[in-house]
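Welcome! Let us walk through this structure together, starting from a single residue and then stepping back to the whole chain.

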Amino acid sequence: MSSEPSYVEVNHRELARMRAIVERLDDHQLQGAVNEYWTVAGVLGHIAYWDIRVLVLAEKIDRGEPWAPGDAEPDGDWLNDSTRPLIHVIRPRDAAEFALRIAEQTDARVVELPLDRLWPHEPDSPISPARHEHRGEHLDEIEAALQARG
């Protein structure tokens, strides 16, 4: 039986899936729409944003700081809506490759964090080490959009 937490393998699987998507798509495909609001590269940038949030919050654990109300994920879509224009001005290939680098860093970082400071072990924790959940949801959307285009 592995001593690694249960999320490590599935995080790795979704990271490999993201890498395969990024490596197979050309720059034009990265600019393609996933939905009315986001391009493929934009969705990857969105994933990177939320992974960066985990990296920043991990620093609070390092400093021994308690969680504050402002650390919680905000209600509503306003944060995603406000970051979308910024994410979409990044060159698509740069956004895609950046998302991969940040995902790798985040997966490596969450393995180092004490489980008792992470959700669900600490119900008030804003950090879920199961990065695969968010990535998988959006990678499913990307793949569906790519498949619909043929």
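Arg 109 is buried, since its relative accessible area is 16%, where buried means under 20%, exposed over 50% and partly exposed in between, using a 1.4 Å probe and protein chains only. You will find Arg 109 in helix α5, which covers residues 92-112. Leaving aside residues up to four places away in sequence, Arg 109 touches Leu 55, Ala 58, Glu 59 and Asp 62; a contact here means heavy atoms within 4.5 Å.

Before going on, a word about what you are looking at. This is a predicted model, in which local features need pLDDT of at least 70 and side-chain atom pairs count only at pLDDT 80 or more, while totals for chains, interfaces and linings use all residues. Residues are numbered from 1 along each chain as its sequence is written, and side-chain values use heavy atoms, with hydrogens and water left out.

Now turn to Asn 35, in the loop between α2 (27-30) and α3 (40-62). Is Asn 35 buried or partly exposed? With a relative accessible area of 33%, Asn 35 is partly exposed. Its side chain has a polar atom 2.7 Å from the backbone nitrogen of Tyr 37, and the side chain of Asn 35 also reaches the backbone nitrogen of Trp 38 at 2.9 Å. Asn 35 and Ile 142 are 107 residues apart in sequence, yet their C-alpha atoms are 9.0 Å apart in space.

Let us step back to the whole chain. The protein chain has 6 helices and 0 strands, giving the pattern α-α-α-α-α-α along the sequence. Helices (H or I, at least four residues) and strands (E, at least two) are DSSP runs, numbered from the N terminus. Of the contacts with a separation of 6 or more, 79% join residues 24 or more positions apart.

What about overall dimensions? Along the principal axes, the C-alpha atoms fill a box of roughly 45 × 40 × 20 Å. Buried residues make up 48% of the 150 residues.

Notes: Polar contact = N/O pair within 3.5 Å; in protein donor to acceptor, adjacent residues only side chain to side chain.
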